Amino acid sequence: MSESSRVGSASSSFPDHSDFQSPTKRRTRKRSCLLTVSFVITFPVVVAAVLYRLDRFEPAQFPVDELSRRTVTVPARNSRMRKGSEVVAMGEVSGPEDLAYDKESGVIYTGCDDGWIKRVTVKDSASDSVVENWVNTGGRPLGLAFGKNGDIIVADANKGLVRVTREKKVEVLADEVEGLKFKLTDGVDVADDGNIYFTDASYKYNVKDYVFDILEGKPHGRFMNYNPATKNVTLLARNLYFANGVAVSPDQNFVVFCETVLRRCRKFYIQGPKKGLISEFCRDLPGMPDNIHYVGGGKYYIGMATSLTSELDLALRYPFIRKVAAMVAKYIGRVQVEKSGGVLVVDLEGKPKAHYYDLELSLIASGIPIGNHIYCGSITYPFIIRLDVDKYPALPSK
């Protein structure tokens, strides 16, 4: 072979550097790569295992007999609530959690996460609504109800039970009961006699950390009464699993309060032969209830934060899953698993009549009927949702 042939042959297939390595070096390099990959995979696992053992957050086992997988039958549904829905006050309200409607003035009052209670006018056209900053409580207003003399009674998550007068004076009525401070004042309603009924969702966790109350699985919720004549707070029910919305019955015989985690609403009798007793109002709901409202028409409207997803069901049943979820929320950021939020309509006996929801909606906190629309608040959206139920009704379930 000529010299030129040898050069051409060499240039056409330049050997890889590894070809010059001995078999021993190649094996060493391979082992090194495998060790690196193993380290990358196992190190986070080891760290997570150590953190899991060291973390003091210890979820409890929910009462098994209360965790039903059953879901009550709802005779009519609209499972595509987003279709036909409009947004009101886009970008002018932030987390409008609860809604209270003043029919005389045509105004919705809603509390936002910046502390403002805002007034939103109700118009035929959603785009014509006007938003007004009314009063800032200095906290996080959640539940709202009309009191006597034009007052607005507020369950303020940070401040406690608050009254806002027509002159916009903010007064804290109560912030503790039996020496234990409210941590997450949540739902409220006012009876005809002026008595105020309200909940503290958790005496341990505040509104920013509410998810940890649910993940811990311990009953930190309370249901109470404030008597404006005596200015005393009476504890009516304790050991509740995230006590939430409140609604006085139209006949003034009982008060309904929601337990979000257990997917149920119960009633506390305030007069009659059952006074002081608690019984079921509705249970095995198709999701987790938030606020509940009665505004006439023989129906209650319950804001449904989420359906019972498979992820939530597993977490509720197994404390170790909730601990992992809590660690993820603490060190990385909470993963949202809520979906199919909406509004459940029930009759005076608590029997479901219609369910409006959508897979892509979550954390819907309240719903109220105004004309032919249902208006919905939430703890996350920067707007109020409204749905024309005449055009987009709940249809008989198949």
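## Working through buried residues, cores and salt bridges

Arg 386 is buried (under 20% relative accessible area; over 50% is exposed, in between is partly exposed, using a 1.4 Å probe and protein chains only), since its relative accessible area is 3%. This is a predicted model, so local features need pLDDT of at least 70 and side-chain atom pairs count only at pLDDT 80 or more, while totals for chains, interfaces and linings use all residues. Residues are numbered from 1 along each chain as its sequence is written, and side-chain values use heavy atoms, with hydrogens and water left out.

**Exercise 1.** Find the salt-bridge partner of Arg 386 and say where both residues sit.

*Solution.* Start with the rule: a salt bridge needs a side-chain nitrogen of Lys or Arg within 4 Å of a carboxyl oxygen of Asp or Glu. Next, check the pair: Arg 386 meets Glu 86, with N to O at 2.8 Å. Then place them: Glu 86 is in strand β2 (residues 85–88) and Arg 386 in strand β27 (residues 384–388), 300 residues apart. Strands here are DSSP runs of E, at least two residues, and helices are runs of H or I, at least four, numbered from the N terminus.

**Exercise 2.** Which residues have the most contacts inside the largest nonpolar core?

*Solution.* First, the term: a nonpolar core is a set of buried Ala, Val, Leu, Ile, Met, Phe, Trp, Tyr and Cys residues joined through side-chain atoms within 4.5 Å. The largest one has 18 residues, and Phe 62, Leu 184, Tyr 210, Phe 242, Val 261 and Leu 316 have the most contacts inside it. Helices α3 (210–216) and α4 (310–317) each supply at least two of its residues. Apart from it lies another core of 17 residues, including Ala 76 and Ile 385.

**Exercise 3.** Where is His 355, and what does it touch?

*Solution.* Look in strand β24 (residues 352–358) for His 355. At 3%, His 355 is buried. Now list contacts (heavy atoms within 4.5 Å): leaving out residues up to four places away in sequence, His 355 touches, among others, Val 74, Ala 76, Met 304 and Ala 394.
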